Amino acid sequence: MPDPEHVRTLLILGGTGDLSGRLLLPGLARVVGQGRAPGITVIGSGSRDWTREQWQDRMRSSFDSAYEAADSAGREQLRETVDRSRYLRLDLSSGTEVNERIRELPGPLAVYLALPPALTAQTVDRLRDLPPGTRLVLEKPFGSDRDSAVALNQALSRLVPEADVFRVDHFLGMTTVMDILGLRFTNRLLEPAWNNLHIEKVEVVFDEQLGLEGRAKYYDNAGALKDMIQSHLLHVMAFMAIGVPATLGERDLRDLVAATLRAATIDPATGSRRARYTAGAVDGEELQAYADSPGVDPSRGTETLAEVVVHISNDRWAGVPFILRSGKAMDRTRKEVLVTFRPVSHLPAGFTGVTDLPSRLRISFGPAEIELELNVNGPENVFRLERTGLTGPTHMSHLTPYGEVIESVLDGDPLLSVRADIAEECWRIVDPVVRAWAADEVPLEEYRAGTQGPPGWDTSRADL
């Protein structure tokens, strides 16, 4: 159950960074503008020698969009939140200074580590004797492999209880991801067919047209596998695969997610592929090759397109491949889950047309909609089958994904947080792939920017 004590003070370590200005503060602004964070004091911190006025200017800029959308009461809340906010210049290398400053802040307190992964781990190691009830918020990735994730979780457990650790996966704040639960568990049409007797394969795809976008410092050390599949898509896959929970409480849901991931494995040799984009054009705009981009070390062999086949060894899913794919610089954006059902047991002789196309359920994250693809009789010949789609919208939240996550932190509800064992399981699943790729046991293929990936990949087909 959520903690009844709402956070009064939000301290953002790394408040002057890009993440804070681009995602965190705008997400918080939506929460504040809807009156869902009354009286909160936001304290930004960083190594820069900023004044309080400079920090408040950053907040105003980040709050602009929410201010325009808010009513008069919401605008007043936004103005008051900016006026209460202040800035702390902190040297994170000095554990003594950081701990002293944290202990001076009024609680209940949330400390948001909007920091690069290595600095996050170092900062956690330096924290000591936090005030009771302090909530620690961490950005992904949680470690760089399973061993480092275990070490980070052990360090966190010495500071606060697991219930007060919030590992941010903003995909869990996407209402379209949570819509999976309603779609699956409230429709008699789907749940009886949600198993290996009726489903042939499940694909979770997050392809985007964007290239590197100036993120070389982070991305070249991560790549598509760690940045997207390990951090996000495995969790989406788990929501597609879990059994029916007793309740929507965080314990019931997260226990089932953990059990599903424990049953999941990838064979790197037969179930993983990687590729990197070369120069090309995306929507008419020329894009240089990834290897030639500023800040990229080509010798690292960082992939910009990753695909893995996950097998879940349990009674419900044995034999069903879960294909997870994410890529950059594609010819089109494709953010969706695609469920392909098995063919009918018997097709009566006499049907013609699209007799070889199975039924498919498409859950799209952008735009937010669902589509059930079916075969129906055509208009000219009653026994000639044609393809049709039953399409409907899913509902978007008034909050951004980061806003949803931040609100759960302020409320003390861990449902949208990644639990320690789940974070470790995600690394366990992909670690063999990381090692195989580092040893060049899987070739690094190429695709031209503005295409849908290597043409030999089934998931690169234009008809998907």
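This is a predicted model: local features need pLDDT of at least 70, side-chain atom pairs count only at pLDDT 80 or more; totals for chains, interfaces and linings use all residues.
In soluble globular proteins, nonpolar side chains tend to be buried together.

Leaving aside residues up to four places away in sequence, L324 is in contact (heavy atoms within 4.5 Å) with V204, I229, L233, L234, M237, A306, E307, V308 and V310.

Residue numbers start from 1 along each chain as its sequence is written, and side-chain values use heavy atoms, with hydrogens and water left out. Local features need pLDDT of at least 70 and side-chain atom pairs count only at pLDDT 80 or more, whereas totals for chains, interfaces and linings use all residues.

## Helix α7

Helix α7 (residues 175-185) is largely enclosed by the rest of the structure, because 8 of its 11 residues are buried. Buried means under 20% relative accessible area, exposed over 50%, and partly exposed in between (1.4 Å probe, protein chains only). The buried residues of α7 are T175, T176, V177, M178, I180, L181, L183 and R184. Among the elements that cover them are helices α9, α10 and α12 (401-411), together with strands β16 (360-365) and β17 (368-377).

## Cavities

The structure contains 2 cavities of 30 Å³ or more. A cavity is a set of points, on a 1 Å grid over the protein atoms alone, where a 1.4 Å probe fits but cannot get out; lining residues have an atom within 4 Å of a point. Grid points are joined across faces, edges and corners, and a volume is the space filled by probe spheres set on the points.

The largest cavity holds about 70 Å³ of space and is lined by K140, P141, F142, D169, Q230, S231, H235, V418, A423 and C426. Both α9 and α13 (420-438) give two or more residues to this lining, with the largest share, 3 residues, coming from α9.

The second largest cavity, of about 50 Å³, is lined by L172, H235, F239, L253, R254, V257, L415 and S417. Here α10 (250-262) gives the most, with 3 residues, and α9 supplies at least two.

Terms used
On a 1 Å grid over the protein atoms alone, a cavity is a set of points where a 1.4 Å probe fits but cannot get out, and a pocket is an open set with protein on both sides within 12 Å along at least five of seven lines; lining residues have an atom within 4 Å of a point. Helices (H or I, at least four residues) and strands (E, at least two) are DSSP runs, numbered from the N terminus.
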